[in-house]
Amino acid sequence: MTVPHPRHRRALVIPVGMAMATAVAFLPNATASAAQPAPTASADATSFSYVVNVRPGHGPSGHVKKAIADAGGTIVMSYDRIGVIVVHSSNADFARTIRTVRGVESAGATRTAPLPTQSTTDVGTPKVLSAQEVADAEAAEGQDPLQGLQWDLPAIKADKAHEKSLGSSKVTVAVIDTGVDDTHPDIAPNFDREASVNCVTGKPDTTDGAWRPGATESPHGTHVAGEIAAAKNGVGMTGVAPGVKVSGIKVSTTAGYFYTEAVVCGFVWAAEHGVDVTNNSYYTDPWYFNCKNDPDQKALVEAITRASEYAEKKGAVNVAAAGNENYDLAADEITDPVSPNDSTPTERVIDPSECYDIPTQLPGIVTVAATGAKGLKSSFSNHGLGVVDIAAPGGDSTAYQKPEPPATSGLILGTLPGGKWGYMAGTSMASPHVAGVAALIKSTHPHATPGLVKALLYAEADATSCTDPYDINGDGKVDAVCEGPKNYNGFYGWGTADALDAVTR
């Protein structure tokens with residue numbers, strides 16, 4: 001059976017020692033249409049958000065601008081270099097009307113619910129380390145105090161890599177996420193304020209601190225930032241690349257939704273502010289999979305494809321989480337029970353070769369699966385031959401994959417807002433490990449293009465054989481099937497990320 005997908009994209013909160021149910025999709029024989037009805041405006045003419053895609057260049061033509069206005073639209077932001085225009089309109093027929101206009105290549109609503117006046121968070125909390133747990137943590141000489149709890153660092157040889165290099169302060173990794181608390185003592189030394197922004201509305205907000213999460217918002221982005229670049233400073237934990245810079249690009253609403261206009265803004269901002277690597281531990285709401293036979297969803301795929309490709313063209317390697325449903329993304333069919341997740345979901349059966357998890361399945365993206373403390377695919381991690389590029393620690397239930405002492409939890413330690421540390425798990429946590437390794441490669445090879453960084457990332461990965469049979473909970477039933485040889489398969493891609501090779505080869 002499928003399980004309801006949590007609002008938060010790629011992080012799971014798994015209490016220490018508690019077994020976690022594996023989300024396996026059993027596919028019914030009946031199929032449902034991927035097409036969904038267009039949003040309808042409410043009686044009080046509440047606005048919706050749209051993307052309108054035109055030919056990239058120097059801005060929308062006067063003809064297109066007039067057509068947008070005539071159709072009841074207001075331009076919020078125009079990303080001229082990639083030809084993506086963010087528009088608000090209360091006209092329920094806006095997208096249908098604007099698609100007929102000469103010069104418009106595609107257009108679609110970015111959500112199925114009206115723009116909110118206010119939102120509340122709906123995200124679970126990570127397991128926060130208590131003061132006593134922090135005090136009791138054991139670390140070897142030369143390590144940060146909590147490093148002994150980080151089984152994930154030796155799993156990718158990051159501890160050995162740090163003896164050679166911590167990474168270059170000239171390299172920046174952008175965390176496109178829920179926001180980053182740059183006041184955290186493990187993040188502040190490495191924070192890049194110039195490359196940070198709030199993109200939630202689809203228009204950059206450069207107000208000082210706008211990139212931080214609010215008090216009731218998800219700590220997800222802060223956790224991810226610490227995994228990548230927590231400073232080796234005698235405080236707390238250590239990141240995979242503790243010498244590089246990290247920035248926060250906030251793209252999620254207070255309710256935890258990652259909408260297309262915000263994601264487009266995030267990639268474009270990264271492209272134009274010297275970012276070397278972006279980490280994307282989310283999927284773009286409201287559709288888990290965006291089907292190209294639906295005109296709205298097609299426009300969303302097009303807009304984010306343009307933005308992510310623009311970021312790579314400008315020098316960034318884009319890394320993304322594979323997802324937490326134990327889906328085989330190379331399957332002929334997948335049941336999606338959660339889309340659209342901002343209004344009323346309708347169960348549908350989709351073809352993942354035609355309906356995309358974005359940005360995870362877009363061209364050029366480094367797609368990351370998660371492993372646990374025993375080096376096996378995490379019980380929840382999506383997989384798929386030809387889709388997953390590489391694997392890295394994302395944690396798992398301690399009951400399934402228990403780490404070696406002094407580590408006690410099978411989850412991943414990270415920084416939390418307010419100067420705290422805590423455990424989370426998910427492909428959300430695997431992706432930043434790969435982003436950190438990519439940053440180390442860029443530090444070692446400062447003139448490497450994104451294509452070369454990716455080639456080295458895959459070539460240096462440790463080939464990891466399929467786990468066959470894969471019975472992660474030991475109940476005698478196969479929980480997932482891995483296809484492919486040792487050096488390239490559906491569970492681990494090209495293999496497990498290797499930080500030591502990143503700084504020595």
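**View 1. Asp336 and its salt bridge with Arg348 in the predicted model**. Asp336 counts as buried, at 0% relative accessibility. The closest N and O atoms of the two residues are 3.1 Å apart. Asp336 belongs to strand 12 (residues 334-336) and Arg348 to strand 13 (residues 348-350), and the two residues are 12 residues apart.

**View 2. The salt bridge between Asp182 and Arg212**. Here the closest N and O atoms are 2.6 Å apart. Asp182 sits in the loop between strand 6 (172-177) and strand 7 (197-198), while Arg212 sits in the loop between strand 7 and helix 6 (220-229). The two residues are 30 residues apart. Asp182 is buried, with a relative accessible area of 7%, whereas Arg212 is partly exposed, with 28%. Shared partners join Asp182, Arg193, Asp208 and Arg212 into one network of salt bridges.

**View 3. The salt bridge between Glu217 and Lys250**. The closest N and O atoms are 2.8 Å apart. Glu217 lies in the loop between strand 7 and helix 6, and Lys250 lies in strand 8 (residues 245-250), so this pair ties together parts 33 residues apart in sequence. Glu217 is buried at 14% relative accessibility, and Lys250 is buried at 6%.

**View 4. Val437 in the largest nonpolar core**. This core has 61 residues, and Val366, Val434 and Val437 have the most contacts inside it. Helix 9 (residues 427-444) supplies the largest share, 9 residues. Beyond its neighbours within four places in sequence, Val437 is in contact with residues including Ile156, Val240, Leu457 and Asp498.

Conventions:
Residues numbered from 1 in each chain as written. Predicted model: local features only at pLDDT ≥ 70, side-chain atom pairs only at ≥ 80, totals over all residues. Heavy atoms only, no water. Core = buried A, V, L, I, M, F, W, Y, C linked by side-chain atoms within 4.5 Å. Buried < 20%, exposed > 50% of the residue type's maximum accessible area, 1.4 Å probe, protein only. Helix = DSSP H or I, 4+ residues; strand = E, 2+ residues; numbered from the N terminus. Contact = heavy atoms within 4.5 Å. Salt bridge = Lys/Arg side-chain N within 4 Å of Asp/Glu carboxyl O.
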